[in-house]
Amino acid sequence: QVVLYPEMVKVEVALDTGDIISYDAMAYLTNDVSKQLKPPLVSAKEAGATLNPELVREGEPRLTVIPLVSGRAVMAWEFRVTHQTDTYLIYINAMTGEEEMVLQMVIDESGSLTM
């Protein structure tokens with residue numbers, strides 16, 4: 001199973017009524033990342049070994065495809081980690097083992113946001 005962020009369908013749901021407020025499938029319709037997938041060369045265990053040992057992992061890593069600022073997409077292992085009171089998503093390239101991206105998560109009663 002691979003999470004394809006570039007092909008993600010976004011649905012906004014009203015919390016009070018459960019009604020669908022908006023729906024965006026443009027990324028799904030315009031991207032073809034899934035057709036270009038190859039098996040990862042770096043295992044989750046190998047990717048995890050590159051993480052700072054001071055980080056506390058939450059759950060199992062998952063295989064993802066993430067969009068980069070350059071416009072290209074890469075397959076990466078996604079690790080959800082905490083450090084002190086902060087939560088982060090760290091993406092390690094599944095082909096090279098290099099760190100690709102770190103996102104800080106802001107979590108509150110209305111949901112979560114990455115920065």
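The structure is a predicted model, in which local features need pLDDT of at least 70 and side-chain atom pairs count only at pLDDT 80 or more, while totals for chains, interfaces and linings use all residues. Residues are numbered from 1 along each chain as its sequence is written, and side-chain values use heavy atoms, with hydrogens and water left out.

Arg-62 forms a salt bridge with Glu-78, the closest N and O atoms being 2.5 Å apart (a salt bridge is a side-chain nitrogen of Lys or Arg within 4 Å of a carboxyl oxygen of Asp or Glu). This pair links distant parts of the chain, with Arg-62 in strand S5 and Glu-78 in strand S6, 16 residues apart (strands are DSSP runs of E with at least two residues, and helices are runs of H or I with at least four, numbered from the N terminus). Glu-78 has a relative accessible area of 5%, so this residue is buried. The count of salt bridges comes to two. In the pair formed by Arg-80 and Glu-58, the N to O distance is 3.0 Å; Arg-80 lies in strand S6 and Glu-58 in the loop between S4 and S5, 22 residues apart. Arg-80 is partly exposed because its relative accessible area is 34%, and Glu-58 is partly exposed because its value is 33%.

Strand S6 spans residues 73–83. Eight of its eleven residues are buried, so S6 is largely enclosed by the rest of the structure. Strand S4 (residues 56–57) pairs with S6 in the antiparallel sense over two bridges (two strands pair if DSSP finds at least two bridges between them), and Val-56 has Thr-82 as its bridge partner in S6. S5 and S6 also run antiparallel, joined by six bridges; here the bridge partner of Arg-62 is Glu-78. The hairpin of S5 and S6 has five residues between the strands, and Gly-71 in the turn has a positive phi of about 100°. Eight bridges join S6 to S7, again antiparallel, and Glu-78 has Tyr-91 as its bridge partner in S7. Two residues separate S6 and S7 in their hairpin, where Gln-84 takes a positive phi near 60°.

The largest pocket holds about 470 Å³ of space. On a 1 Å grid over the protein atoms alone, a cavity is a set of points where a 1.4 Å probe fits but cannot get out, whereas a pocket is an open set with protein on both sides within 12 Å along at least five of seven lines; lining residues have an atom within 4 Å of a point. Grid points are joined across faces, edges and corners, and a volume is the space filled by probe spheres set on the points. Of the 15 lining residues of the largest pocket, Tyr-5, Met-8, Tyr-91, Leu-103 and Thr-114 lie nearest its centre. The second largest pocket holds about 210 Å³, and its lining includes Val-33, Val-65 and Ala-73. Strand S6 gives the largest share of that lining, three residues.

Notes
Buried < 20%, exposed > 50% of the residue type's maximum accessible area, 1.4 Å probe, protein only.
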